[in-house]
Amino acid sequence: MSDTHSHSAAFVRHDQIPPSPPPAGETGPVKWIRENLASSVSNAIMTVIGLVAIFYLAIWALPWFTNSVWNAADIRECREIMGDARGACFAVIEERWLQLLFGFYPPESYWRLIISFFGLFLALAPILFSNLPRVLMVWTGLFPFVSVWLIWGGSFWGPAMVLAGFVVGYFIFRFASTINFVAGLAAGIVGAIIWWSFLLGPIAGVLSSIIPIELAKVESREIGGFTINFILGISSISLSLPLGILLALGRQSNLFFIKGVCVVFIEFIRGVPLITLLFVANVILAFFLPPGSNFDLMLRVIIMITLFASAYIAEVIRGGLAALPTGQYEAADALGLDYWQAIRFIILPQALKISIPGIVNIFIGLFKDTTLVSVISMFDLVGMIRGPILSSTDWSGIYWELWFFASALFFVFCYGISKYSMYLEDKLRTDHR
């Protein structure tokens, strides 16, 4: 019977049938167009309207670029070269681009700004990308002090002794935190303040006389153009994130005094426009300073922008903390972790992950809002355009070209921040895709 059954099968396949290709409409450009541009009748209509609008906008804008002039001494020569054609006079960019980027900074010292610019990206690399060697974090810690010395000049030992104050505070904290974390933190802060208040000046003076390492001093009023926007943006972003985290934790504290101070600070700052705080930094703050004191305007502006951004970041992070299920806090208690260990290892990493889109949104808005300093007579990129360039008889009457250049600069950096946040969100995803 088994022999009869074996001869009943005419053919037996021993290899797997290769998969058939997907339908033409389910792969490639056709699928992308159908899903993103024509998924419904209304989307198809909006796509057609958008394409028509882009077409007419391109027809209107293309001659402005194709007929542009890049080499001319002034606006009159630009118009003579263009004749009756409509075009852009980008010669103003070619003529004034260094002023737009660096303001009134001494030309022979441009190399200091350039080194600081590229040094920043080297310092940020190990923070933004965890797969890089950790040894680069040494430069990350040194960069703020090196960049201050490069940009403003003066003696090298001043910033070096400020850094030494942080080192002293850190070692005091490490020693005292073995007894109690909060007491160790307070001792470290007090030790650093004592160093900066009483020891920094004498030690820096002695070292300057023994080993003089100096660069030509540059006043803050000489720094201008996009450099101001970059300094204010990077400094405020770097300082506002840790301050915002502390404010968010303080607002959720069970200690009435700490919670009350954080709530009042956050609500007050969020209820005041940034432009008001900038006027306070520029004018009103001087009335509260001792007579004859010289508190640098750029430092005052950095402090105000940092406080403003930290209040908004605190609320975003508080939303991330509130979004965590109570089981996370209970798990930390079950593991026997104290408050700071639970915050560091369990609670805060998850809250920050949830808060990434909101934090990045604040960072982008903050970077763009640095242009508001032009209203307090700081010659940032917008201030340079509205002031020395447009007031010049050589380029009076040119607007679109300069604003296009400014928009392009801000777009490059803001788009870069946005793309990195998307990369970070994708990297930190734990769900299965």
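Ala323 is partly exposed, because its relative accessible area of 47% falls between the 20% limit for buried and the 50% limit for exposed. The model is predicted.

Where does Ala323 sit? Its place is in helix α13, which covers residues 297–323. Gln350 is 27 residues away from Ala323 in sequence. The C-alpha atoms of Ala323 and Gln350 are 9.5 Å apart.

Now the whole chain. The secondary structure of the protein comprises 17 helices and 2 strands; helix α13 is one of the helices. How does the radius of gyration of the protein stand against that of a compact globule? For 433 residues, a compact globule would come near 22 Å, but the protein has 30 Å. The C-alpha trace spans about 110 × 80 × 45 Å along the principal axes.

Burial and contacts come next. Of the 433 residues, 36% are buried. Take the contacts between residues at least 6 apart in sequence: 69% of these join residues at least 24 apart.

The surface and the charges complete the picture. The centres of the positive and negative side-chain sets lie 6 Å apart. The counts are in the table.

| Side chains in the protein | Count |
|---|---|
| Positive | 25 side chains |
| Negative | 27 side chains |

Note on methods
Residues numbered from 1 in each chain as written. Predicted model: local features only at pLDDT ≥ 70, side-chain atom pairs only at ≥ 80, totals over all residues. Heavy atoms only, no water. Helix = DSSP H or I, 4+ residues; strand = E, 2+ residues; numbered from the N terminus. Rg over C-alpha atoms; globule rule 2.2 N^0.38 Å. Buried < 20%, exposed > 50% of the residue type's maximum accessible area, 1.4 Å probe, protein only. Contact = heavy atoms within 4.5 Å. Lys, Arg positive; Asp, Glu negative; His and termini not counted. Charge placed at Lys NZ, Arg CZ, Asp CG, Glu CD.
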